[in-house]
Every structure is written in C-alpha cells, then in structure tokens.
Amino acid sequence: MANKPNLVIVESPSKAKTIGKYLGPDYTVKASMGHLRDLPKSTMGVDIDHAFTPEYIPVPGKEKLIDELRQAARAADTVYLATDPDREGEAISWHLKELLELPDGKVRRVTFNAITQRTVTEAIAQPRGIDYDLVDAQQARRVLDRVVGYQLSPLLWKKVRRGLSAGRVQSVATRLVVDRENEIREFCPKEYWSLDVKLSRMGRAGTFLARYYGDSKKRELQNEAQTDRIIADITGKEFTVTNVKKSEKKRTAAPPFTTSTLQQEASRKLNMPPKRAMAIAQQLYEGVDVAGEGTLGLITYMRTDSLRIAPEALAEAAEFIKSRYGAGYYYGTSHVFKTKGGAQDAHEAIRPTHVHLDPEMIRGSLTVEQYKLYKLIWSRFLASQMANALYDTVAIDTECAGHLFRSTHQSLRFAGFIAVYEEGRDEEEEINDSPLPDLQNGEKASIEDINKEQHFTQPPARYTEATLVKAMEEKGVGRPSTYASIVSTIQEREYVVKADKRLSPTPLGEVVTGLMMDRFNDIIDVEFTANMESRLDEVEEGKRKWKDVLQDFYVGFHQEMLAAEEALEGTRLKVPDEVTDEICEVCGRNMVVKIGRFGKFLACPGFPECTNTKPITEKMPGRCPKCGSTILKRKSKKGYAYYGCERGAACGFMTWDVPTAEDCPKCGNTMFKKSGRGRNKPFCINEACENFLPEDKRGYYKKTTAAEGEAAEKDTKTAKKTGKKPAAKRTSAKKKGE
C-alpha cells in the first residue's frame, strides 16, 4: 500500500460509493456535489472587452466542501478527477484542478463509460491529462449563453414583463412550438371520403371487407358526389377477385438507445418527462444497491449520440438470448447499427452493463421509476440483437364496374425481437386486423353492405416532449446533454405549456418569440443555431479557438441589441390574458389567469367592476383516503404546496406527501411519496394496513395539518433570522440521535 492514499473525485455520493467499493483501501473517493466553481449569479461575469475573459468564483455555500477536498488533495499522492465523460464533466475536472491548486504532475483524468469493476480498474490504470479542447468547448457554450441571457433578459424586462429571461437554444425550441401552433391555425382542412364494401363469397361461406382503391391507379375520393357515382356503378353487380398477393414481411428491431431516443421512448411509454428520465438514468449509471450483488452501475453512460456497442457486450447478449429464448431468436451475428453522420460518437449506445441482470431479478432493489426505465433500456438493447419479426401478409384486389377495391391483412408468424420489446409510436397507426378468407383469382363475390364516410385532413399535431426532442435532434438544435434541460426550461419559464401530453405556446411565449423574430433573427434562427453547435463541435475537435467563435457571434448580436433598443424606445408589448373555461360566479365572464406575488391565480377580467378572484387548483392522481374524492394540489399562504380533498373542510383530509397513481397492493388505497426530489419510494398511509409506513420513517418530520404547516413556515422564517435550525428539524435531528 502507498504511504498516502490516492484521491478520486467524482460528482455525486452514489457514484463515490460505487467506485469506492471497486477500488479498495488504496483510494479515497469523495464527491464534489457537482460544480464547485462557476460564473457569478449576480453579474454577467464575462469581460467582453478583454477577449470574453470569464470570471469564475467558488460556488457560494460550498466553502466547507472545497476546504475538505483541498485538504484531502494535499494528503494524497495522486488526485484522479473522475467526473462525467462529456464536455461539462471535463470542465468540472478543470475547475477542480484550478480551485484545489493541483500541480500538473499530481493530477490525472479518468472517465468511465460504465461504472463496473472492469471499466473502473482499467480507467484508473490508464489515466490521461485534461482535454482542454473539451474544456474550451464547454467554456464557449457557457460564456455564449451567459452573454445572450444577461443582455437579452433586461430588454425583455423593460419591453414585456419583469422577471423574464431569454436563452439562446431555449428560444429556438420555443420558436419550434410557436411555428407549429401557427401551422395549426393556418391549416385549411380538405374533404375526402372513404368507401368500404362488405362482400360475401358467392357459393361459399365467408365475408370480407374491401376499401375503394381507384381505377387503373390509386385515386382519392374528394367529395360525396364522386362517392355516390361509384356506389351507383357497383350496386347490384358482382365483384371479381383479380389478384391475390401473399408475401412475407420482416421487421427489424430498433437500435439500442441514444440520449435522444431514450428520452423520446420514456416520454411515449412511461409518460416520463425528458428531464426526469435523465435524472433516473443518472442514478442507474452511478450505482444502485442491488440485493445479493452490492452497489452496481446498471447502465452505460446516458449522454451519447452513438449506436456503437462494445464487442464483449454483444457477445454477452448473444449468449443470453440463446440460453433464454433459443438460438432461433438470435439475430445470427452481432447486429451492428450505423451511427448517423455528424454524431460525436464519443461513447457507446445506452445499454445495461450486465445483461444477465434481468429487470425482474432486481426489481425489489429499485424504485418504481428506476425499474421502469431500467427495463426499457434492458429490453431495447436485448431486442436489438434478436431475430427479425416475421409476418404473413395478404393483399386481395377485387374489381367491379371498372373500380378496384383492396383488402389487406397481416398476421404474426414469428415474434423474434417482439417477444421482448416493440418500439413506441408518436401517432397511432390504422391497421386492418380482419382475417381474410382463402380467396382465389376469378372468384365472385356480392355486396352485402356499403359504408361511405366523410373525412377531413388533420392539421399537424402539436409537439409532445418526445417529438420536440426528435425535432431538435433532426434540426441540430442542442446536443444530447442539453435536450432535457431545454424542454424543461421552456416550460418552467412559462413560454410553453403541456396539456394532454401536447405542448403549446402560452401568450407570453408567442409575444417573446415574436419580439425575438423581429429583432434577433440570428438568435432564433434554427439553421443559425445548428451552425453554432457545429462550431462548438469544432472547438472540441481542436479546429477552432473558442474565443474566436464568441467574437464572430458577438459582432452581429451586439448590432442587433443596439438596433432593438433604438426601435423599441418607449414601447411596451402587452401579453394577452390567458382565458380559461372557469366562469366567474359574480358576473358570468370567463376568468383569466393572472400572476401575483405567490404565483398564478384566476381573476375576473371585469376588474375593477368585478374583483372576484380564486386560486388555481391542480387535480392529482389517486383518491382521497377518507372519502374517495379527488385530491387537489393547493398552496399555503407562503406558497408551499400541500394536497387536500376537493371537499375541503367537509372531509378534512390534508397532507404534505404527494399522491401517486399507484395503489397499495395490500389494501388498495392510494399510495403517497415524500415530497421533493430524489429516489422517493411510494408508501401506504393507511394505519390499518400491514403495509403502513409510519410518518417518522418517511424521511422528514411530521406535518399533518395546514395549521402545523403554517407554524413550520413561521419557524423557518425565524430560524433564518437567528441562524438556528427550525424547531421541527431540531426535534427530528434529536430523534435520529436517540
């Protein structure tokens, strides 16, 4: 053993725990808890006049942690910086080196595409230096976004509304949503008709459906008159089978996940927002305590645009498929997918680190969300190495009076990869599942029924979170590490709202986007933003200097800022009120959404004649445990969220715990979870149930009534002034000590 232990610094405690188990006593593993040095929040922190020099400062509140890491670094022979293997991770390592004053000879950089015994020990054995091209690419993005945000936001404050902020890439994402909304508004539906006939075989049993296809070639029926003419032509006449085509159709499995496709599929199948999906994926990557196995990193690094898979993982998947499903279900050789052009290809595709860890085997060690996401990743990877699904298809053409009708059907003959996984779709597909009789060419049929139906073409669908991520990827807006934050930011800033899983712009989002399009065309241009991403990639590759990229951008941006200030002098843009379906009980008008000190509320637009207001309530999943009514999310006078029965005082149920969509497997009542972020498992609050979890074991002090909640808020406010812990937390700490 060395005289001094080696120090390994990672970002999170869970990652530190996993890696520490693999490295043993010669290494001390500590967590930086994310960034320890950054640009200041109160000022821009960038000296534009002196080559965009950033002013980095220690993150406030982390002084004690910095001192601890500095002391540990001094006591170590070698310091390994093991932050995430991307631009941001590289920048965090560089900041740590500078902040802890580590000499070049003492510091080593290591990265893990997966956190397993093998990858960790191999990485430690083959360290490298800090990649300053990666650092510069991250610095360029950080400084660029800071300059745009800190110069645009004050303009929005003056011209639109106080408190607004503008982001470079987020503005483009908002524009995509606004443009789609405008497409929907401008859409002119076109009429078309479908014509189906139910045919019965002549002289033999059996019926089948056939749809009008055309004449000599495919033709669309545009109005009822056309449809009625065809009906008149075929009424009372025989149909003749003119062609029977039987064939085999193959479906190949989708490739393993990239960051983009993981976010899309988690949104489609799990209703999990991209930001949440990435947070859960981070937990799976960093390590989870698995019963009987210890702490394991369950998936490879989850910020990637590559479809590449390590040879050993392909071999492991092949062996697993053959042993569990049989050799016929294996693809036959390693199924290699081609990564699309322009991808960075820095890491593998997202896959399980150990394919033998079946999701069902470790389900008890995972939270519900971890299990669902791990199963999604595990199934998708396994399916990517499995045989094609095979379908028997049949298409039958029947003719009458010169008009062609077609019937189709397909049936699954061999499941192949579908036995494990089938990719989700953004839009439902219309599939004709009606089996067809064994018809022969020349066979006759007669009409049993005719059905005509009017249709209208539909406007393009609003984006979902999944399709917006897909659009950003296709257009080159953002990168794998930024998709989730972009989608969540535009919602948090209230430029975009999600309803029924669809995204639509708010009046505020449309006003801000309109201003940006009028005055900052480059900033909000999709192609310009995509080209900027390419320039940042060139910085990462060492082909460009990061400050040159900033200078090239700033010349045009500064001119646009000056022109906008001059053009908008004395102007203030009005944001239309958001009209709701809620009716004012006093005067009968539709109430509108307003924003006050404590957030949004409903107000009558008839002010000052009518001063009626009411809070906005949000329906939650689950049922009231007292009376079975709907649970509503409410806010206390201080703005803290709590949950209560819609019947209010008539029922009396209230809790600070968050209701979930899950029911207790023992008593069937709605389960709740601890509020706040983290790996919060649902629990049962029914005291009569054997699954009941007492309040003192839920992770925080007991709060059962709104009155107690208000008292706790008052106690917290007093504590901030005195510097002491709130009484409830002091009590909780004492109990833990006992």
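Rings of Phe, Tyr and Trp (its six-membered ring) pair if their centres lie within 6.5 Å; planes under 30 degrees apart are stacked, over 60 edge-to-face, and the rest tilted. One aromatic cluster here consists of F52, F520, F528, F553, Y554 and F557.

This is a predicted model: local features need pLDDT of at least 70, side-chain atom pairs count only at pLDDT 80 or more, and totals for chains, interfaces and linings use all residues. Residues are numbered from 1 along each chain as its sequence is written, and side-chain values use heavy atoms, with hydrogens and water left out.

**Rings and charges**

The structure holds 15 aromatic pairs. One of them joins Y325 and Y329, which are tilted at 45° between the planes and 6.2 Å centre to centre. Buried means under 20% relative accessible area, exposed over 50%, and partly exposed in between (1.4 Å probe, protein chains only). Y325 is partly exposed because its relative accessibility is 26%. Y329 has 23%, so Y329 also counts as partly exposed.

Two arginines sit over tyrosine rings. The criterion is NZ of Lys or CZ of Arg within 6 Å of the ring centre and within 35 degrees of the ring normal.

| Charge | Ring | Distance to ring centre |
|---|---|---|
| R180 | Y463 | 4.2 Å |
| R363 | Y371 | 4.0 Å |

**Nonpolar cores**

A nonpolar core is a set of buried Ala, Val, Leu, Ile, Met, Phe, Trp, Tyr and Cys residues joined through side-chain atoms within 4.5 Å. The largest has 65 residues. F112, L298, I299, L373 and Y374 touch the most other members. Helix 11 (residues 368–384) contributes the most to this core, with 9 residues. Helices (H or I, at least four residues) and strands (E, at least two) are DSSP runs, numbered from the N terminus.

What does I299 contact, leaving aside its neighbours within four places in sequence? Its partners are A281, L284, Y285, I350, R351, P352, T353, Y374 and I377. Contact means heavy atoms within 4.5 Å.

Another core lies apart from the largest one. This second set has 61 residues, including L7, I66, A76 and L568.

**Strand pairing**

Two strands pair if DSSP finds at least two bridges between them. Strand 14 (residues 389–400) runs antiparallel to strand 15, joined by 11 bridges. Y391 has L412 of strand 15 as its bridge partner. Strands 14 and 15 form a hairpin with 2 residues between them. In that turn, A401 has a positive phi of about 55°.

Strand 15 (residues 403–414) also pairs with strand 10 (residues 207–214), antiparallel over 3 bridges. Here R211 stands opposite R406 in strand 15.
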